[in-house]
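Colleague: I am new to this structure. Please walk me through it, one question at a time.

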Amino acid sequence: PQIGEMVGYPVSHWAGRPEVWLEMTHPDDRERIMAAFANWTDGNPWNLQYRVIAADGHIVWLLDRGRVTERDDDGTPRVFQGAFIDISEIKEELESLRAQESLLRSIVETTPAVPWTEVVDPLTGRARFTYIGPEAKAVFGYTAEELMTETGHFTRLVHPDDRARVLAASERCQQTGGPWNELYRVLHRDGSVRWVLSRGRRTAGSPTTWHGTAMDVTRHVERDGLPVRIGETAPQDRG
């Protein structure tokens with residue numbers, strides 16, 4: 001009887017008339033559910049999520065699970081058992097989280113920097129980028145997909161005169177877990193040299209994951225010069 005409370009109709013409203021239940025199903029889910037019903041009447045278990053329009057017109061998300069418990073002598077499914085679970089609140093929370101994620105992603109991807117995520121395998125120690133923002137095309141001349149496919153792109157892109165220092169700093173950060181904060185040159189795809197300020201932090205958990213950004217500061221360096229000699233930490237009074 002609890003299903004009556006969920007959808008606002010008593011069970012007698014559709015008992016023995018599955019077409020009425022389909023009429024209550026949200027139009028955007030109806031075709032999918034009809035196909036699923038045809039599948040489980042052959043004896044297959046089902047595990048479905050879909051929307052039902054309640055008696056007062058509001059939408060109810062249901063988790064509908066069940067299986068065959070008895071068959072006729074010829075093997076035809078005869079008795080089914082299952083359960084309905086109202087998952088509307090869970091769905092609403094997920095939609096809210098997706099909306100927030102979409103907003104945050106749009107903010108990150110429209111900033112003048114390249115956001116990145118790097119994961120280090122705990123067994124092999126090998127690092128790979130799992131996310132690189134679309135601004136990579138403007139800063140490096142390569143698409144994010146190209147860079148993530150080429151696992152060793154970082155070493156190749158760093159200017160030869162900065163490479164040893166930057167790789168040593170990377171190794172130090174991996175060992176200590178300290179923040180990544182480096183200013184160095186990279187080789188753009190078009191042959192030009194760009195100055196990049198890259199910052200990142202390690203998050204807790206396993207595998208080891210780093211999140212950061214790489215910002216093209218070439219114009220600032222060309223206009224104002226380097227804030228400190230490369231490889232040194234800026235004094236506190238310089239901010």
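Colleague: Which residues does V186 touch, not counting residues up to four places away in sequence?

Modeller: A word first: this is a predicted model. V186 lies in strand β6. Leaving out residues up to four places away in sequence, V186 touches F140, L157, V158, H159, S192, V193, R194 and V196.

Colleague: Is V186 buried or exposed?

Modeller: The cut-off for buried is under 20% relative accessible area. V186 has 2% relative accessibility, so V186 counts as buried.

Colleague: Which strand order does the open sheet have?

Modeller: The sheet has five strands, with antiparallel pairing. Its edge strands, β5 and β6, each pair on one side only. Direction ignored, neighbouring strands are turned by 30° against each other on average. The order is β5-β4-β8-β7-β6.

Colleague: What is the bridge partner of T117 in β5?

Modeller: Strands β4 and β5 run antiparallel, and five bridges join them. T117 has its bridge partner in β5. That partner is Y131.

Colleague: Which strands does α8 touch as it packs on the sheet?

Modeller: The direction of α8 makes about 150° with that of β6. The strands that α8 touches are β4, β6, β7 and β8.

Colleague: Which residues have the most contacts inside the largest nonpolar core?

Modeller: This core has 22 residues. Elements giving two or more residues to it include β4, β5, α5 and α8. A second, separate core has 19 residues, among them I3 and V7. Back in the largest core, the residues with the most contacts are I132, F140 and W180.

Colleague: Which residues is I132 in contact with, leaving aside its neighbours within four places in sequence?

Modeller: I132 is one of the residues with the most contacts inside the largest core. With neighbours within four places in sequence left aside, its contacts are V114, P115, W116, A144, L147, M148 and H153.

Colleague: How many aromatic pairs are there, and what kind is the pair of F154 and Y184?

Modeller: The count comes to seven aromatic pairs. A pair of aromatic rings is described by the distance of the centres and the angle of the planes. For F154 and Y184, the centres are 6.0 Å apart and the planes make 80°. Planes over 60 degrees apart count as edge-to-face, and the pair of F154 and Y184 is edge-to-face.

Colleague: Which ring does the charged end of K91 sit over?

Modeller: Start with another group of rings: ring pairs link W14, W21 and F84 into a cluster. The charged end of K91 sits 4.5 Å from the centre of a ring. That ring belongs to W61.

Colleague: Which residues is L226 in contact with, leaving aside its neighbours within four places in sequence?

Modeller: L226 lies in the segment after α9. Its relative accessibility is 36%, so L226 counts as partly exposed. L226 and W195 are 31 residues apart in sequence and 10.0 Å apart in space, C-alpha to C-alpha. Apart from neighbours within four places in sequence, the contacts of L226 are L183, W195 and V221.

Conventions: Residues numbered from 1 in each chain as written. Predicted model: local features only at pLDDT ≥ 70, side-chain atom pairs only at ≥ 80, totals over all residues. Heavy atoms only, no water. Core = buried A, V, L, I, M, F, W, Y, C linked by side-chain atoms within 4.5 Å. Buried < 20%, exposed > 50% of the residue type's maximum accessible area, 1.4 Å probe, protein only. Helix = DSSP H or I, 4+ residues; strand = E, 2+ residues; numbered from the N terminus. Contact = heavy atoms within 4.5 Å. Pairing = 2+ DSSP bridges. Axes fitted to C-alpha atoms, helices over the stretch in contact; angles between N-to-C directions. Phe/Tyr/Trp six-rings, centres within 6.5 Å; stacked < 30°, edge-to-face > 60°. Lys NZ or Arg CZ within 6 Å of the ring centre and 35° of its normal.
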